[in-house]
Structure formats: structure tokens, C-alpha cells
Amino acid sequence: MKVLWGLSALLLCLNRANAQTDPLIEAHPMEVYNQTSAVLSCKLTDPPSAVKGHYWMRNGKVIESSKHNSPTLYTEHTLAKIDSHSGGLYECVFLSEPEVKTTIEVKTAPHVSAYKRSEHGNEKDKGVLVCVSYGYPLPTDWKWYKLEGEDKTAITNGTDRYEIKSTPNRTTLTIDDLDIAMDIGDYICYGTSEVGSTSDKVHLRVRSRLAALWPFLGIVAEVIILVSIIFIYEKRRKPDEINDDDDSGSAPLKSNANTDYKNKDVRQRNSN
């Protein structure tokens, strides 16, 4: 029993010694929320070895402008404007052996936007509407609505002709068997995270299946009109050409007759 107590006391002393020598980073603030700007800072105490430099990372990617070869045990990173594109997980990293780092969360409301502001589909085909999201944290819940005048109707996944597939950064609404009377209009996608909710709007156009034939029919009509014009022109031109040919054929005969008459008159005078 005394041996067990002795071992327990020894382990407790070792844990306390390690706790005193373990590196500690004082991060301030630990979390940023609902702010338009912030200064992130880290202070290292009890480094495991000499520090050769430090830098910052965002979402696992190094921020190149934050790299420094200074042996100082303090670093800070300024966020002049916080929005959906600057939110995320920030890490301050100290270059010691081993490296030491800690994380600061910068949270923003999700930014939701339609992948395309306007989508179109053909009658009886499928219509696909897509919304995407940026920011940190990403939405944990997505909802779709159809605008009916001033009201909006919730669309339930798997009902009627609707199918909704969502991931944290993307949601897709698929509408089967598109109908011109029922499906044309505006749709709203809502993304909700622990920080808040935002939305965007997509307009859906539905075309008749015959719509694709109109350009072809237009070309056919133009060809028919052009051929008709050419035919009418040729038909009217031919009688005029015939008359011209008749006139040009009779003129030489008249000229020859006059010439013969003149020659005969000359011969008669010479004989006299």
C-alpha cells in the first residue's frame, strides 16, 4: 500500500513539473463575434526551445504577409474589415522545436448568394436552382421558399415534385416535371448557422417545348419568302426580255431595206 501511495505521489509531482514547463500561449481574444474589425494577438511563455520566428494561418493556409523571422514571443494580426470572406479559424504559430500554436475563432454571419440570379428550364423537364454560402461557421440548416405575391410558401424536401440536397456551403433545389403555370416565379434560399441567417433570391423561367422550334420555323419562313420574291421577279422579267428581243430583230430588216432602195436609186441615176 505504501508503495502505491509513493508511486501516486511521484506521478503527481511529474505532472506538476510538466505543467510548469509546458509552453503556454495567451491568445486574445479567444473568439471574435459580431465585430467589424479586430486585432488578434498571441503571447508565448515557456517556449520548448529558442523561437526562430512566427506566422499566422487562416483555415489551414499560411498568411504570407504575417511571416517574421523575429525571436520575439509576441505576435499580432490585424483584421481591418471582418466579413464573410475574412471569417474562419486563425492560428498563430511560433517556430520552436517543436512548433507551438493556438487557435482563435473569427465568426461571421453566413453569406448566402444564388449561384445564378436567373435560371430557365423547358416544360416537362427538370429545373435546378442552386445557392452557395461563405463565411465561418457555415450554415447548419437550409430552407427553400416560393414567393406567391407578398407571401412565401415553404418547400418541403421529398414532397410533390421537389427534392432538396444540402451541404454546409451549398444547397440545391430540383423541381421535376416543370409546369409553366405553376413553377415560374421567384424562389428564396435561407441559410442558418449558429451566428445568424441570411438569404438570396433566384428567378425561374419555364419555356414551352415548342420554343426551341421558333428559330427554325423563322428561318424556314425567311427562305420561303426569299424564294417567292425571286420567282415573282423572274416571272415578270421574262416577257420584257422577249419584247426587247423582237424589237432588236426587226430593226436590222428595216435598215437593210432602206440600204437596198438607196443603192437602186444610185444605179438608175448613173445609167441616165
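In which loop does Lys124 lie? The legends below take up this residue along with other views of the predicted model.

**View 1. Lys124 and its loop.** Lys124 is found in the loop that links β10 (118–122) to β11. Its phi angle is near 80°, a positive value in a residue other than glycine. With a relative accessible area of 48%, Lys124 is partly exposed.

**View 2. Asp46, a further residue with positive phi.** Asp46 belongs to the loop between β3 (38–45) and β4 (54–58). Although Asp46 is not a glycine, its phi is positive, near 55°. The relative accessible area of Asp46 is 41%, and the residue is partly exposed.

**View 3. The open sheet of four strands.** The strand order is β9-β11-β15-β14, and the pairing is antiparallel. At the edges stand β9 (111–114) and β14 (162–167); each has a single partner strand, so one side of each is left without a neighbour in the sheet. From one strand to the next, the twist averages 15°. The antiparallel strands β9 and β11 (residues 127–134) are joined by four bridges. Ala114 stands opposite Cys131 of β11.

**View 4. The open sheet of five strands.** This sheet has the order β2-β8-β7-β4-β5, and its pairing is mixed. Its edge strands, β2 (31–33) and β5 (61–68), each pair on one side only. Neighbouring strands of the sheet are turned against each other by 20° on average, direction ignored. Within the sheet, β7 (residues 88–94) and β8 (residues 100–107) run antiparallel and are connected by seven bridges. Val93 has Lys101 in β8 as its bridge partner.

**View 5. The cis peptide bond between His28 and Pro29.** The bond joining His28 and Pro29 is cis, with omega at about -10°. Pro29 is located in the loop between β1 (24–28) and β2.

**View 6. The cis peptide bond between Tyr136 and Pro137.** From Tyr136 to Pro137 the peptide bond is cis, and omega is near -5°. Pro137 occupies the loop between β11 and β12 (141–148).

**View 7. The protein as the setting of the close-ups.** Three helices and 17 strands are present in the protein. Of its 272 residues, 29% are buried. Among contacts between residues at least 6 apart in sequence, 60% join residues at least 24 apart. The protein exposes about 18,600 Å², of which carbon and sulfur atoms supply 56%.

Terms used. Residues numbered from 1 in each chain as written. Predicted model: local features only at pLDDT ≥ 70, side-chain atom pairs only at ≥ 80, totals over all residues. Heavy atoms only, no water. Helix = DSSP H or I, 4+ residues; strand = E, 2+ residues; numbered from the N terminus. Buried < 20%, exposed > 50% of the residue type's maximum accessible area, 1.4 Å probe, protein only. Contact = heavy atoms within 4.5 Å. Areas by Shrake-Rupley, 256 points an atom, 1.4 Å probe, with all protein chains shown as cover. Pairing = 2+ DSSP bridges. Axes fitted to C-alpha atoms, helices over the stretch in contact; angles between N-to-C directions.
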